[in-house]
Amino acid sequence: MKVIFLDKDAHPFLRQALEQDGHTVDLHCTCDRARILELLPQYDGLMIRSRFDVDRELLDAARRLKFVARWGVGTDHIDLDYARKRGIRVFNSPEGSKHTVAEHTVGMLLMLLNHLGRADRQVRQGKWVRRENTGTELQYLTVGIIGYGNMGQMTARRLAGFGCKVIAHDRFRTDYGDDYAEAVSLEQLQQAADVVSLHIFLEGNHNYVNARWINSFAKPFYLINTARGQVVHTADLVAGIKANKVLGAALDVNEYEEQSFVKLNPDELPEPYQYLRRSDRTVLTPHIAGWSVEAEEGHARTLYRKITEAFAQTTTNHA
Ligand SMILES: NC(=O)C1=CN([C@@H]2O[C@H](COP(=O)(O)OP(=O)(O)OC[C@H]3O[C@@H](n4cnc5c(N)ncnc54)[C@H](OP(=O)(O)O)[C@@H]3O)[C@@H](O)[C@H]2O)C=CC1
Ligand SMILES: O=C(O)C(=O)CO
């Protein structure tokens, strides 16, 4: 097979293993989309993170494409229905990043509960503030996980060690097959949770966190979002923080990240986002929950396994 890689920073394992199996791998990392459309007809496989939308136009250009290997998890930029119709397999690699997402989630939660971001900034500015930075112990809290898939399960497993109560709501499943979280309905979660961590995908979940959803909680709560920015309606979240319905928010993703940090000055973003930047009750990270040294190799090995299992043309010992 001929495979085109659109990411020069990808861990070398996948490329090397495919080459050792006799496939050809070409790196085209700096091309723009127009050039990729010209190149694609020659390729059987496409390896991509999230640089371009893998939409109908791109899939049509790739006349002999057999697979798309999504280096990472979210497939919201891939037209999965059309790929399926064309018989193109789509592989992703949640096995690679589920541990680091879980650790990042817990890290952000600890930052919120213990005011670590603010305290760090204050000490750097020469301020020694203690009472205002008094923490809240996780062990006495109930953490509600929304979406009990790869990331949700790993987060529950990490949280179990802190002694807190972990409950989880997943839209279809009620038997989780583990002891880390108790399965509950959304309404039960909204009654009990002190912390909510979002681990749902974007499809069908735009503005999932909105004013009505926030106001349905029995108690003020902390919100963590490592899923997708557009799952949260930012203006409604800010209103919730101002009304003390939301005690704090840790966001690794935000609804403006695509159009802003790539193309615009963050200072030009709308006011709700400026509020999140100014507030002491937020923790903001640049969509890095899924990034760790170990995850990179994990993505490479996972995709190699999935590609070779699907096409079963080679027998190797790499995986
Ligand atoms: N910040 C980062 O760097 C990273 C972010 N992510 C993001 O994390 C998210 C989760 O990934 P992953 O755990 O692999 O996804 P999974 O598909 O494994 O899990 C998501 C779960 O959420 C459930 N679900 C979807 N919508 C709802 C809803 N409205 N209410 C309750 N449950 C719902 C799904 O149910 P069902 O399948 O039954 O429909 C599924 O069980 C994705 O958006 C992904 O892109 C992932 C890696 C890194
Ligand atoms: O893999 C994903 O879905 C990510 O968001 C990583 O950047």
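I began with charges over rings (NZ of Lys or CZ of Arg within 6 Å of the ring centre and within 35 degrees of the ring normal), and found Lys-242 over the face of Tyr-275, 4.9 Å from the ring centre. Arg-301 lies over the face of Phe-13, at 4.1 Å from the ring centre.

I noted that this is a predicted model, in which local features need pLDDT of at least 70, side-chain atom pairs count only at pLDDT 80 or more, and totals for chains, interfaces and linings use all residues. Residues are numbered from 1 along each chain as its sequence is written, chains are lettered from A and ligands numbered from 1 in the order written, and side-chain values use heavy atoms, with hydrogens and water left out.

I next looked up aromatic pairs (ring centres of Phe, Tyr or the six-membered ring of Trp within 6.5 Å; stacked under 30 degrees between planes, edge-to-face over 60, tilted for the rest). The whole structure holds ten. Trp-213 and Phe-221 are edge-to-face, because their planes stand at 80° with centres 6.1 Å apart. Phe-217 and Phe-221 are stacked, with centres 4.0 Å apart and planes at 25°.

I then checked burial (under 20% relative accessible area, 1.4 Å probe, protein chains only). Trp-213 is buried at 6%, Phe-221 at 0% and Phe-217 at 8%.

An oxygen atom of ligand 1 lies 2.8 Å from a backbone N or O atom of Met-151. A side-chain N or O atom of Arg-228 is 3.1 Å from a ligand 1 oxygen atom.

How values were computed: Polar contact = N/O pair within 3.5 Å; in protein donor to acceptor, adjacent residues only side chain to side chain. Buried < 20%, exposed > 50% of the residue type's maximum accessible area, 1.4 Å probe, protein only.
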